[in-house]
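Hi,

Here is the structure I promised to pass on to you. Have a look at it first, and then read on for what turned up in it.

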Amino acid sequence: MIVVLTGAPGAGKGTQADLIAEKLGYKKISTGDALRRQIQIGSDIGKQAQSIMAEGRLVPDSVLLGILKSELDAAGSKPVLLDGYPRNLAQAKALQDLVGTGLIKAAVHLDVDYQSLANRITGRRTCVQCGASYHVANSPARVEGVCDKCGGSLIQRPDDDAEKVKTRLQIYENDTRPILDFYRDLGLYHRVDGNSPAPKVFAELSGLLQSLGT
Ligand SMILES: [Zn+2]
């Protein structure tokens, strides 16, 4: 059984996916993490991906799909939560072809207002030393610019500045949003309001997943 968790950058997919894995016993599969792991263990597909990335090229969908397949096989009978995949219509169709109908139980859209997404992302700060994360408004450090845990400096990731965030959200609108209609047509679409604080969003999500009989 597979549940697809989808949403714009900054919608809180990662946080919710971790909660679902921890509290509801799902195996969380993120293709990014899976890719790094395959490279680390030096599997055939990991080596293939590595040589493509070494040439500065993007890992093609066919390779990502292969990695996804091996992760799905490894999940056995555990329910699976897909975090951040599919990212576009081609990937959604390829996934459907890979697993067949019936196995995907739901595509859950974590829906957050555009302005909140932008604020969440541009406010993120990360410690250069220990990697701890903060948010200037939602979870600020005690001393501005200084990590509470280790005293390291807090920086904004280059990807998170206002201009780049605009581009990332635009790419989401163009490439990823069309998968919502794809899943709607299959009768698998569910929306969860992602504007609330994380615990409240999780309560709604877990209620939904339980109502699906998962
Ligand atoms: Zn730190």
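Before we get to the strands, one definition: two strands pair if DSSP finds at least two bridges between them. Also keep in mind that this is a predicted model.

Let's begin with β3. Strand β1 (residues 2-6) runs parallel to β3, and the two are joined over 4 bridges.

Are the side chains of β3 buried or exposed? Strand β3 (residues 80-83) is covered on both faces: Val80 and Leu82 are buried on one side, and Leu81 and Asp83 are buried on the other.

Ser30 sits in the loop between β2 (27-29) and α2 (31-41). With a relative accessible area of 12%, Ser30 is below the 20% cut-off, so it counts as buried. A polar atom of the Ser30 side chain lies 3.1 Å from the backbone nitrogen of Asp33.

Now for the other sheet. This one is open, with 3 antiparallel strands in the order β6-β5-β7. Its edge strands are β6 (133-135) and β7 (154-155), each of which pairs on one side only. Strand β5 (residues 124-127) is linked to β6 over 3 antiparallel bridges, and Arg125 has Tyr134 in β6 as its bridge partner. Lying across β5 and β6 is helix α6 (residues 114-122), which runs at about 20° to β5.

Finally, the metal. Which residues hold the zinc ion? They are Cys127, Cys130, Cys147 and Cys150, each coordinating through its SG atom at 2.3 Å. Along the sequence, these donors follow the spacing C-x2-C-x16-C-x2-C.

What is the geometry of the site? It is tetrahedral, with angles of 98 to 115° among the 4 donor atoms. For comparison, the ideal angle for four tetrahedral donors is 109.5 degrees.

Cys147 has a relative accessible area of 4%, which is under 20%, so Cys147 is buried. Cys150 comes out at 34%, between the 20% and 50% cut-offs, and therefore counts as partly exposed.

How values were computed:
Residues numbered from 1 in each chain as written. Predicted model: local features only at pLDDT ≥ 70, side-chain atom pairs only at ≥ 80, totals over all residues. Heavy atoms only, no water. Donors = N, O, S within 2.8 Å, 3.2 Å for Na, K, Ca; no water. Tetrahedral: all angles 85-135°; square planar, octahedral: opposite > 155°, others 65-115°. Buried < 20%, exposed > 50% of the residue type's maximum accessible area, 1.4 Å probe, protein only. Polar contact = N/O pair within 3.5 Å; in protein donor to acceptor, adjacent residues only side chain to side chain. Contact = heavy atoms within 4.5 Å. Axes fitted to C-alpha atoms, helices over the stretch in contact; angles between N-to-C directions.
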